[in-house]
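Reader: Hello! I would like to learn how to read a structure step by step. Could you show me the model and then walk me through it?

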Amino acid sequence: MGILEVKGVNKRFGGLQALGDVNLSVKENTVHAIIGPNGAGKSTLLNCLVGKLIPDSGSVMFDGQSVLGRKPHEINQMGISRVFQTPEIFADLSVLENVMIPCFARRDGAFRLHAYETVRREAGIREQAEAMLADVNMADKRHMTAASLSRGDKRRLEMAMCLVQTPKLLLLDEPTAGMARADTNNTIELLKEIKAKRDITMCIIEHDMHVVFSLAERITVLAQGTPLVEETPENIKGHPKVREAYLGEAQV
Amino acid sequence: MLGLERKDTLLLIVVAAITLFAPIILNPFPAGSALAQFNAGYPDLMQRFVIFGIFAIGFNILFGLTGYLSFGHAAFLGIGSYSAVWMFKLLSMNVIPAIILSIVMAGLFALVIGFVSLRRSGIYFSILTLAFAQMSYNLAYSVLTPVTNGETGLQLTLSDPRILDGASTGGLPVTSLFGAEMRDTTTLFVGPWSWDFSVGYYFSAALMLVAFYLSVRIFRSPFGMMLRAVKSNQQRMNYTGLNTRPYTLAAFVISGMYAGLAGGLLAAMDPLAGADRMQWTASGEVVLMTILGGAGTLIGPVLGAGFIKYFENIFSKINDGILHQWFAFMPDGLENVMVAVIHPFIGKGWHLTLGIMFMLVVIFLPGGLVEGAQRTGRLFRRRDRNADHVESDAARQRAAAE
């Protein structure tokens, strides 16, 4: 039994079958990649996992509970954090505040009217956030406005915001999309570091083969809304079905 | 002190000192002098300063922090006034129960209106709140005449039951705080100056200070940080496990209660309530106050409220006769030209002056009057020091910020 179990998920948009009978099992403490050509249904699948979309049929179980019909904030409270394709951060707030907010969310839940307390007195939350920032080498930038960070640092900050919640599952939606090679390599290093420091389950949706093969322990190949194979990276590389569906006719 | 940081405590003390000495500060010109018409230190106007200050402080909690632009906050002001007058009619002329009911009623209406309006954001939210406020206005004006007394407005009458105070003898009773009448004013004459100290003003000012203190607490609280996060990125809020809906609703209700308090105080100073108080122009006014002073800043809304009320009451009183007096030293032809040029900007034309000021502020000082003050402050500080000191100064500021 994996921590995330997707069984027979279907999703149609009008005449388009975006997902057809998707089965997926993500084991605890592994890095699982989902790859596939454009339009394979990777993002649709991800959106079904986080509550943005509701599948037409099938089940999505996380840690023994169904996530279907729950709102994104409820699913996050169950232990799933998400990193977006373009970093989603609180641009107008300071870097430290950006990391403190997820700490409050973990401690106080989805809503609390803490209007008569003072942020300054929340030493525990502050220490937690500062330790996290030190962990991703951003301690010196904690008083900067998040909007003024470089793109790489924004990605780093978003990761810190997710990790500080110690999620049971971290979903990454094309974390290196649109990045220069150097930034991509930095992100790979960051993810490897994160993986080495703590027990964490990651599910990466990715386009870039280099990223996938440097990180993933299991790979699921998705094509036209259906999983083709689920294998280890070594076995995926030479798999004939994958070559055909993913690498394109030109290379065959 | 009071759970505030040093710089916030300082701000609170400065605001308290200014409100305490406002009757003196706002009357800088001797009574009877040519400039006496610029004096704003009379009780009626000072009360307006602090009451609309409360209104704007509350509006700023919603608009300044969450970015949700409500265009219907005057509805809560009106509800506060009606509630207070009903309390005067039915229970007692004491202002305390009246104001409590104002806050509670405005809070309840804000809960309902906010619950519906906050399903949408941006312009749709603004339109929904505007629609609700106009509905309230029209209901108060016509359909709900038994409750609101329609276009005449709700007033005290001699036949009111007033359970606690008993039937009054003689004329209409006046609002009071345990016997201290709100209209009571002591005038102090010092040389050519005259200063009015009124009970009503000091009562409103005390409540304004409490309202201001609570807003500082909200700004510095985790709740306030969440509201700023709502303004910054709702998507990230949701994927961080936070439910944005109750946060925005709480901000909406709190700011509605501030508006209710302001409405109740207006009625406590002058016990009548009309539907006009709920009209969309009144809702627009508080938006102007907040933006003019500086949305999202602590003191900005109060400054904006004072500014607009000053213009409304002082500029509108200047007429051509006064202008002729000012320019009497000029040759006749020139005098008439000057008067003709300035004429559209004064008296009934005060809106034109205010409009121009507003445009200048929005274009050149997007942070409002507060930004203007900060820039001036920086200019003076820079002038005092040598160039090499500037950097160490910046470093010290950074250290202080930490």
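Author: Gladly. Let us begin with a definition: two strands pair if at least two bridges are found between them. Please keep in mind from the start that this is a predicted model.

Reader: Thank you. What holds the strands of a sheet together?

Author: The general idea is that strands of a sheet pair through backbone hydrogen bonds, in a parallel or an antiparallel way. Here is a case: in chain A, strand β1 (residues 4-13) and strand β4 (residues 57-62) are antiparallel and share 5 bridges.

Reader: Which residue is the bridge partner of V6(A) in β4(A)?

Author: That partner is V60(A). You can follow β4(A) to another pairing as well: 2 bridges join β4(A) to strand β5 (residues 65-66) of chain A, again in the antiparallel sense. Across that pair, M61(A) has S66(A) as its bridge partner.

Reader: What should I look at between β4(A) and β5(A)?

Author: Look at the turn. The hairpin of β4(A) and β5(A) has 2 residues between the strands, and D63(A) takes a positive phi near 55° there.

Reader: In what order do the strands of this sheet stand?

Author: The open sheet has 4 strands of chain A, in the order β2-β1-β4-β5, with antiparallel pairing. At the edges are β2 (16-26) and β5 of chain A; each has a single partner strand, so one side of each has no neighbour in the sheet.

Reader: Now for helices. How do I compare the span of a helix with what is expected?

Author: The expected span is 1.5 Å times one less than the number of residues. Take helix α10 (residues 244-269) of chain B: its 26 residues should span 38 Å, and the end C-alpha atoms are 38 Å apart, which agrees.

Reader: Is α10(B) mostly covered or mostly exposed?

Author: Mostly covered, for 23 of the 26 residues of α10(B) are buried. The cut-off is that a buried residue has 20 or more other C-beta atoms within 10 Å of its own.

Reader: Where does helix α2(B) bend, and by how much?

Author: The bend in α2(B) is about 35°, at N60(B). Helix α2 (residues 43-66) of chain B has 24 residues, and the distance from its first C-alpha to its last is 34 Å, close to the 34 Å expected. This helix is mostly covered too, with 22 of its 24 residues buried. Just after α2(B) comes G67(B), with a positive phi of about 80°.

Reader: What about residues that are neither buried nor exposed?

Author: Those are called partly exposed, and you find them by counting C-beta neighbours. S43(A), in helix α1 (residues 42-50) of chain A, is partly exposed, with 17 other C-beta atoms within 10 Å. H351(B), in helix α15 (residues 350-364) of chain B, is partly exposed with 14 C-beta neighbours inside 10 Å.

Reader: Which domains are assigned to chain A?

Author: The assignment gives domain 1 (1-79 + 167-252) and domain 2 (93-166). Their C-alpha centres lie 27 Å apart. Across the boundary, 10 residues of domain 1 are in contact with 10 residues of domain 2. On the domain 1 side, α2 and α6 (181-197) of chain A each give two or more residues, and α6(A) has the largest share, with 5 residues. By class, that side has 5 nonpolar, 4 polar and 1 charged residues.

Reader: And how many residues are in contact between chain A and chain B?

Author: There are 30 residues of chain A in contact with 27 residues of chain B. On the chain A side, α2 (72-78) and α3 (95-108) each give two or more residues, and α3(A) gives the most, with 5 residues. That side divides into 17 nonpolar, 6 polar and 7 charged residues.

Methods. Residues are numbered from 1 along each chain as its sequence is written. Chains are lettered from A and ligands numbered from 1 in the order in which they are written. This is a predicted model: local features need pLDDT of at least 70, side-chain atom pairs count only at pLDDT 80 or more; totals for chains, interfaces and linings use all residues. Two residues are in contact if their C-beta atoms, placed from the backbone, lie within 7 Å. Ala, Val, Leu, Ile, Met, Phe, Trp, Tyr, Cys and Pro count as nonpolar, Asp, Glu, Lys and Arg as charged, and the others, Gly among them, as polar. A residue is buried if 20 or more other C-beta atoms lie within 10 Å of its own, exposed if 12 or fewer, and partly exposed in between; C-beta atoms are placed from the backbone. Domain bounds come from an automatic or database domain assignment. The bend at a residue is the angle between axes fitted to the seven residues ending there and the seven starting there.
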